[in-house]
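Dear colleague,

Please find below the structure that I am handing over to you. My findings follow it.

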Amino acid sequence: MLKMKVFILCLLLCAGIVSAKDHTVQLLTQGSNGTMMVFEPNYIKIAQGDTINFVPSDPSHNAESFSVPSEESSFQTPYGKATKITFSEEGVVLVKCLPHFALGMIAVVQVGDNIDGAKAKADWDKAKVAVAMNKEAIDKAISKIN
Ligand SMILES: [Cu+2]
């Protein structure tokens, strides 16, 4: 009986690992609608344990967190190099391209369902004074948190 339970537990754990999905977010100098310096998509909802491959169009872009549920979710990718990040904590992670932050090159990553975006919203409200462009697009992305 114990063996059976262990076996079932293993199956469930393996299924959990297999079901983690890979997503792609592009870091673009020119977005598909002509907007300069954007993440595409700029809002993405994923499941806990999923990965996002951040793919820069050229060496001028990177991705780094500036609002996280806890420090465990902090990350920074190198310039110009596609990098996979695993999101293992539920909540909202706000991501910026460091050199283009002021141009509004920002993405919203929601990890999990039924997330309270209060911390991300407050962090965005503090950060947006330093952002000159694209604010409406980020406001819209933040408003999608659910
Ligand atoms: Cu950039």
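The protein chain contains 3 helices and 8 strands; helices (H or I, at least four residues) and strands (E, at least two) are DSSP runs, numbered from the N terminus. Along the sequence, these elements follow the pattern α-β-β-β-β-β-β-β-β-α-α.

The model is predicted: local features need pLDDT of at least 70, side-chain atom pairs count only at pLDDT 80 or more, and totals for chains, interfaces and linings use all residues. Residues are numbered from 1 along each chain as its sequence is written.

Of the 146 residues in the protein chain, 30% are buried (20 or more other C-beta atoms lie within 10 Å of the residue's own, with C-beta atoms placed from the backbone). Among contacts with a separation of 6 or more, 64% link residues 24 or more positions apart; a contact means that the C-beta atoms of two residues, placed from the backbone, lie within 7 Å.

Four strands form an open sheet in the order S3-S8-S7-S5, with mixed pairing; two strands pair if DSSP finds at least two bridges between them. Strand S3 (43-46) and strand S5 (64-67) are the edge strands, each pairing on one side only. On average, neighbouring strands of this sheet are turned by 30° against each other, direction ignored; axes are lines fitted to C-alpha atoms, for helices over the stretch in contact, and angles run from 0 to 180 degrees between N-to-C directions.

Strands S7 (residues 91-96) and S8 (residues 106-111) run antiparallel and are joined by 6 bridges. Val95 has Ala107 in S8 as its bridge partner. Helix H2 (residues 118-127) packs on the sheet, where it touches S5 and S7. The direction of H2 makes about 100° with that of S5.

Yours sincerely

How values were computed: Buried ≥ 20, exposed ≤ 12 C-beta atoms within 10 Å, placed from the backbone.
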